[in-house]
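Please look over this fold with me. Keep the sequence and the 3D view open side by side as you read.

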Amino acid sequence: MADLTLRRIRRRSVAACALMLAGYFLVPVEADPNGLRLALRSVATLLLVALVAFLVTGQVRRQISREQPTGEAEDRALTRLAIALIAGLLVFALADYVVANTRPGEFVGLHTRVDALYFALATLTTIGYGDVHAQGQIARVAVCAQMVFSIGVVATGASVVVKQMTQRSGRR
């Protein structure tokens, strides 16, 4: 029964990631000449980043608390954390794309959503090849936020996931 539940959790996780990825590629982000709508979109993006950071940090806190979940609850908690980390990556990629799309010249080499995803992943993993980079002040502020998120949230969350998965495989 536990194996069936684990498979169901994995299927749902893959489905959630696929839906988030589809949303990333489908959400409309074209430039808007209406200043109010543009401001509202910017605020909504910032709120989405804050929400994802809150969700990831909440999951990390649960994983490192004294009363760590076990069994099915542990599977769900680790899955939620991994999904939240992927959501964080996609939110930053979308924010980068919006900045590049609405303010030409802010990023060098960032023209498509794939470019934005590539850049966000390179930034969050601290690889930074340099082929795509922030040039303008708004883009640099966005990238600074990505770096702080990467160091404070993604690194901690990823290490918790790896640690928990390693401990689980040792117990089984």
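The points below go from the overall fold to single contacts.

1. **Ground rules.** This is a predicted model: local features need pLDDT of at least 70, side-chain atom pairs count only at pLDDT 80 or more, and totals for chains, interfaces and linings use all residues. Residues are numbered from 1 along each chain as its sequence is written, and side-chain values use heavy atoms, with hydrogens and water left out.

2. **Overall fold.** The protein chain has five helices and two strands. Read along the sequence, their pattern is α-α-α-β-α-β-α. Helices (H or I, at least four residues) and strands (E, at least two) are DSSP runs, numbered from the N terminus. Of the 172 residues in the chain, 38% are buried. Buried means under 20% relative accessible area, exposed means over 50%, and partly exposed lies in between (1.4 Å probe, protein chains only).

3. **The largest pocket.** Its volume is about 650 Å³. It has 23 lining residues, and the closest to its centre are R41, S42, T45, A95 and V98. A pocket is found on a 1 Å grid over the protein atoms alone: it is an open set of points where a 1.4 Å probe fits, with protein on both sides within 12 Å along at least five of seven lines, and lining residues have an atom within 4 Å of a point. Grid points are joined across faces, edges and corners, and the volume is the space filled by probe spheres set on the points.

4. **What lines the pocket.** Which helix gives the most to the lining? It is α2, with eight residues. Helices α2 (35–64), α3 (71–102) and α5 (137–171) each supply at least two. By class, the lining has 18 nonpolar, three polar and two charged residues. Ala, Val, Leu, Ile, Met, Phe, Trp, Tyr, Cys and Pro count as nonpolar, Asp, Glu, Lys and Arg as charged, and the others, Gly among them, as polar.

5. **A nonpolar surface patch.** L21, F25, L26 and V114 make a patch of about 380 Å². Such a patch takes residues with over 30% relative accessible area and no salt bridge, with nonpolar side chains (Val, Leu, Ile, Met, Phe, Trp, Tyr) joined within 5 Å. Areas come from the Shrake-Rupley method with a 1.4 Å probe. Helix α1 (residues 2–26) gives the most, three residues. L26 lies in α1 and is exposed, at 67% relative accessible area. F25 also lies in α1, but is partly exposed at 36%.

6. **Contacts across the sequence.** F25 and R113 are 88 residues apart along the chain, yet their C-alpha atoms are separated by 6.9 Å. V153 and V56 are 97 residues apart, and their C-alpha atoms are separated by 6.9 Å. V153 sits in helix α5. It is buried, at 11% relative accessible area.

7. **The salt bridge.** How many salt bridges does a search of the whole structure find? One. E106 pairs with R103, and the closest N and O atoms are 3.6 Å apart. The cut-off is a side-chain nitrogen of Lys or Arg within 4 Å of a carboxyl oxygen of Asp or Glu. E106 is buried at 8% relative accessibility, whereas R103 is partly exposed at 42%.

Technical notes: Patches are made of residues with over 30% relative accessible area and no salt bridge: like charges are joined within 9 Å, nonpolar side chains (Val, Leu, Ile, Met, Phe, Trp, Tyr) within 5 Å.
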